[in-house]
Amino acid sequence: MKQLPDGRFVDETPWSDDADLSAPERSDMDAPNWLLVWRKFRRHRLGLISGLFLLICYLILPIAGFIAPYTANERSAEYLYAPPQSINLWHEGQFIGPYVYPTTATADLENFRWTYETDTTRPMPLQFFCEGAEYRLLGFIPSDTHLFCAPEGATIFLWGSDRLGRDVFSRILYGAQLSLTVGLIGITVSFALGIFFGAIAGYFGGKTDWFINRVIEVLRSLPELPLWLALSAAVPSNWGPVAVFFIISIILGILDWPGLARAVRSKFLSLREEEYVRAAEMMGAKPGRVIRRHLLPNFMSHLIASATLSIPAMILGETALSFLGLGLRAPAVSWGVMLNDAQNLASIEIYPWTAIPMLPIIFVVLAFNFLGDGLRASLDPYKS
Amino acid sequence: MTPLLNVQDLSIGFGTEKPVVQDVSFQVMPGETLALVGESGSGKTISCRAVLRILPEAAQIRSGSITFSSTQQGSTVDLLRQPERALRKVRGNHISMIFQEPMRSLSPLHRLGDQVSEVLLLHRDMNAARAKASVLETFERVGFPDPARVWRSYPFEMSGGMRQRAMIAMAMVAKPELLIADEPTTALDVTTQAQVLGLIKELQSETGMAVILVTHDLGVVANMAESVVVMNKGRVMERGPAEAVLSDPAHGYTQKLFAAAPMIPQVAAPARPETNDDPILQMRGVCKTYTMRAGGWRKPTLITACHEVNLTVQRGKTLAVVGESGSGKTTCARLALGAEPPDQGGEILFRATADAAPLKIHDMNAEDRIRFQRQAQMVFQDPYSSLSPRMRVGQALTEPMEIHDLGRKSERREKAAEMLRWVGLDPSMLSRYPHAFSGGQRQRLSIARALTLDPVLLVCDEPTSALDVSVQEQILCLLEDIRDRIGLSYLFISHDLAVVARIADEVAVMRQGVIVEQAPPDTLFYNPRHPYTCALIAAQPEPDISRPINLELVSKGAGSPATWPEAFRFEGVAAPALTELEPGHKVRCHV
């Protein structure tokens, strides 16, 4: 700073006015949208962890049979309602690798329940890459190799066994295959319907908009649970579990689209006012092109976030239906079917581990919510 | 004399990046007006917000001190080192603030009276009745004709100017020693701006408070300030008494700002009337009314956006439509491009070449429309929203050709690169994303996009009003260059007479859907006839201390038509006809 005689201060650093007209002002913004979203999402710790958790969950699905020590409907008739067992490493101060203690069941005829005694003198090491019951890897490769299984004469019920002596841990893994994918199929159906109806309502407005809105309101006003019940009661009872599963996910999707259609519609209405959309219209672009090239790409990220937030509702819906005995039925395995076994309060009190399938539901639903929240927070990377 | 506020070596930064405000120092004397001038990103708003410590959460004050020496209490405190509790006593009480957006800075759920009196209830141990009396008095002081009604009304019942008055009342009611006004008039129309500035000045001379005025407009500075701080990229370029800085800027940046500031020229003689007649676009008797459904059982109301508009754009020339917000100028542009049909009876004719048969814009079939869209294009106001963030520059620029199925892929790219060179940019930008660029660069991109179809008519809807003055200057030059190079014709929409002064060949002044005066700019500025035009010209702040705003002229013309002189007076929509008073100079008046 230099002071002039008239009391002024003037900056002395040399100043020149030769800005490069073509130089990007913010090089950090010179990237496709997904990269910008990712950069912002990366800072969202909880969302990132949830995303990783879900990724691992979905990666495990096709190889669930390999990881589970038992298959879904394999019974151990001598071990009904066996309590969870722990895997230990040290026996009497000596490291002998992962092992379990064998247990034996006795019927307590006074209280009418099974009691289990653990023989802590005989550590029995687990076997790895062992042969067990046959399952299909990735759904079509027959295989009988398991990651780990119980040694001869012992059992490995990490989270206990149920009423019929089936391993809860293995069943949770198998159940995830249905419970986690029902949400995806349902969301695909509701996505397709929601985008289609939301887009035409939002873009064309007027009578179309009015009509679609009324349909949405009617659909929304139907009581959900009885409707589910009615629709799933309509599924012929002689269909196989997989067919039922598809129908259930489609029913969930059909009932869920109005929410998404509304989100799409309101986003369309606000995006339509953007000048680049007006510009495209002034250039002579037809509605189809405006929607495909300008509107959809710009709100795809919003859609993905809102889809992520509505998957949990699908998962919970499947669970609720199956819990009530109206969704999937045995021999299909899903978390809701497993909880169906835990309907009896007495058995939960005596054998609390039969309610363990609630934990994966809670974790997965929470993870989806955190992930969706993280995505939503990083959707608009252009605002700093 | 001790300064009221002394800012020393203030540095503020975000995260680990280099500071956005660097070693800023200035002093405000009691009763003085200090103007902080700079373009967007210069750090002027951040530095004045630091005074009240209302910075964004991520901002850190890295160094410096801000001492406030209250004359009322005779104490001196360093505002940056005060605990939050003590600072709350200062805010609104000793130092108060007016924000830029009057639309958003008042709570929509509270009555104005309650919002304004809150300051008194908080800071001046007053009971509700005394507070109300005091607020009503302030309302009257800031120019509300019926203070009791204002007390009861909600912000949404008020226009922008009225809301800004209410904001000023809120800032003034506790009689602060320092008022910080952050771009208080940027969102307002020019005549409202003049009145609000006049009000601040008047209140200041009455109460003796000091004012920090943050602005980007050197014209406002010349009218208001005693001392000036010019900022650029977070640093002070020049500071000192307003008179010295404005009459003889010492720093290169200040000189550049001055050169770029648009001015209404002082004209010695009226323009000679244009003789050749080769219209490219003609609007004849065009009206546009919108029906607003009031909801419920009430009858729908008709809103007139344009009434009896007759405009002619000559080939190769620029016709400018000037008006304040709500004057119907944008509707004019949309009608001219056929984006909306005019009311029955209006005619809009377009001649692509001098001897071509006129195309009826008001009544086009699909084929005509496609042909027309190639010949008439639009440049939009907001460079930040006129380019899709998902498309690379190249995609955005080739899209018009893709839509009209012109050329092969390589030819389209070639053309896009050529257009970039035309607007002064490098073709290497094609693969980048628009968000990497500044507002000025993006406005160039959207001009380039409009040019890719080789149009003959370009409609520019406020193409520079979202830009800094120095960039505005460049964009105007560019538009002039292109017009002369390929003989384009412009329909130029603007709210700013000074911008129009340099680019237009003919100016039409619009007010509430009606053209009140139309003439070549030189004639218009030499001899403005209509009181509304006079008000617009008078309200234009000039960066020249010797030409202050004439508030009397402004209030005469900006009021309702019923208060105008006899010859121009009318009521409702029964405006008198547009009469040609002298060749090429039309005024709406009774002859």
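Helices (H or I, at least four residues) and strands (E, at least two) are DSSP runs, numbered from the N terminus. This is a predicted model, where local features need pLDDT of at least 70, side-chain atom pairs count only at pLDDT 80 or more, and totals for chains, interfaces and linings use all residues. Residues are numbered from 1 along each chain as its sequence is written, chains are lettered from A and ligands numbered from 1 in the order in which they are written, and side-chain values use heavy atoms, with hydrogens and water left out.

**View 1. Chain B as a whole.** Chain B has 20 helices and 22 strands. Its radius of gyration (taken over C-alpha atoms) is 26 Å, close to the 25 Å from the globule rule (2.2 Å times the number of residues to the power 0.38) for 591 residues, so chain B is as compact as a globular protein of that length. Along the principal axes, the C-alpha atoms of chain B fill a box of roughly 80 × 60 × 55 Å. Take contacts (heavy atoms within 4.5 Å) in chain B between residues at least 6 apart in sequence: 69% of them join residues at least 24 apart.

**View 2. Helix H10 of chain B and its cover.** This helix spans residues 252-260, and Tyr253(B), Thr254(B), Leu257(B), Phe258(B) and Ala260(B) are buried there. An α-helix has 3.6 residues a turn, so residues three or four places apart point the same way. The cover over the buried residues of H10(B) includes strands E3 (33-37), E9 (227-232) and E10 (235-241). Helices H8 (218-224), H9 (242-247) and H16 (469-486) of chain B are also part of that cover.

View 3. Asp23(B) isn't a glycine, yet has a positive phi of about 45°. You'll find Asp23(B) in strand E2 (residues 21-28) of chain B.

**View 4. Helices H5 and H7 of chain A.** The axes (lines fitted to C-alpha atoms over the stretch in contact, with angles from 0 to 180 degrees between N-to-C directions) of H5(A), residues 206-221, and H7(A), residues 241-272, come within 9 Å and cross at roughly 145°. Among the residues that meet here are Ile216(A) and Leu219(A) from H5(A), and Trp257(A) and Arg262(A) from H7(A).

Methods. Buried < 20%, exposed > 50% of the residue type's maximum accessible area, 1.4 Å probe, protein only.
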